[in-house]
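Subject: Handover of the predicted model

Dear colleague,

I am passing on the structure that we spoke of, and my notes on it follow below. Please read them with the coordinates open.

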Amino acid sequence: MKKNWIKFYGENDLSTELNLSNVETFINDFILNPIINTLSEAIEIYNVLKFLDLEFFKKGTSEKISEFRKSSHRLLNEYFGKGELSEYMTEYSDLYFHYQSDFWDIFVWFKIIKRTEYVDFEKVIDEYKIPFHLLLEQQKICEKYKLFFKKKLLSNPVHFELFLDKYDSPNIQNIYLPDNLSDEEINDWARRYCELDEANINYLERISYWSLHHEHKLDSRIISKARKKRIEQTEKTISLKNGVSWKMTVGLKEGLKTDFEFVRESSRDLQILLSKKLD
């Protein structure tokens, strides 16, 4: 499998300038053989097109770039124009890691979302265990499937950390949450998080200092519970003779959809499963 996939991280990213020559080489090769065989190749073209919006390429507009734009747009529209979500997902697990978030951009941009019903979306996300943060970066995905996200988020108190990242983070988090969460549901969600043995001290601290200025209000009893839990977690950590203890194990497992998988047994117990290939 190809290793050096072209990825656009943003105009100001250090890798962008280093990739300019690779983009030019890619365009020259593509013009000689304009074809898309795999999902990875389609997403790479999608990334190359983003580079063409840079001033570097705008200043040097050429027939080659114009030809590339025309051919690549046509091929991408053909590739993503008719397939069902489940068809593309057969290659999803083999994608270059940073292409996985790009796929959900494409899911919206090329209107695959319009062809994907709720039940089909739910089935795919559950089957492939797609991380919610990748999906919640897309406002249209969050809006269309908000019943799905509400059900899944509230089913696991650990997901309350996403809520805290959205509404109480020192850094702006580019995620969306369903707008059908009631204050009562949010407070119950927060309560269940504070009762977790593996509740993160840093997130408990955020709840402990929850401000009245926040868009969503937390009950004072929840805030008190978070403060108490944070103190307990802190004392538990300090009481360990050798500081914080961690347990990490590595094993092999057949049938994994990816090359490896993390299994979090608790906040300080991590298992890494490596894919065991059948002969």
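Lysine 229 is buried (under 20% relative accessible area, where exposed means over 50% and partly exposed lies in between, with a 1.4 Å probe and protein chains only), yet this lysine has no salt bridge, and the nearest side chain of opposite charge, aspartate 197, is 4.0 Å away. Here a salt bridge is a side-chain nitrogen of Lys or Arg within 4 Å of a carboxyl oxygen of Asp or Glu, and in assigning charge Lys and Arg count as positive and Asp and Glu as negative, while His and the chain ends are not counted. Lysine 229 belongs to helix H15 (residues 220–239), helices being DSSP runs of H or I with at least four residues and strands runs of E with at least two, numbered from the N terminus. Leaving aside neighbours within four places in sequence, lysine 229 is in contact (heavy atoms within 4.5 Å) with Cys194, Glu195, Leu196, Asp197 and Leu204.

Please bear in mind that this is a predicted model, in which local features need pLDDT of at least 70 and side-chain atom pairs count only at pLDDT 80 or more, whereas totals for chains, interfaces and linings use all residues. Residues are numbered from 1 along each chain as its sequence is written, and side-chain values use heavy atoms, with hydrogens and water left out.

On the salt bridges, a search of the whole structure finds twelve. One of them joins glutamate 122 and lysine 151, at 2.5 Å from N to O. This pair links distant parts of the chain, since glutamate 122 sits in helix H8 and lysine 151 in helix H11 (residues 146–155), 29 residues apart. Glutamate 122 is buried, with a relative accessible area of 16%, whereas lysine 151 counts as partly exposed at 42%.

Arginine 191 also forms a salt bridge, with aspartate 188, and their closest N and O atoms are 2.6 Å apart. These two residues are separated by about one helical turn, because they stand three residues apart in helix H13 (residues 183–194). Salt bridges that share partners join Asp188, Arg191, Arg192, Glu195 and Lys225 into one network.

Not counting residues up to four places away in sequence, phenylalanine 149 touches Phe121, Phe132, Leu135, Leu136, Ile141, Cys142 and Pro178.

Two backbone angles deserve a look. Lysine 111, in the loop between helix H7 (99–109) and helix H8 (118–128), has a positive phi near 65° although this residue is not glycine. Lysine 129, in the loop between H8 and helix H9 (132–135), likewise has a positive phi, near 50°. Lysine 129 counts as exposed at 63% relative accessibility, and lysine 111 as partly exposed at 45%.

With kind regards
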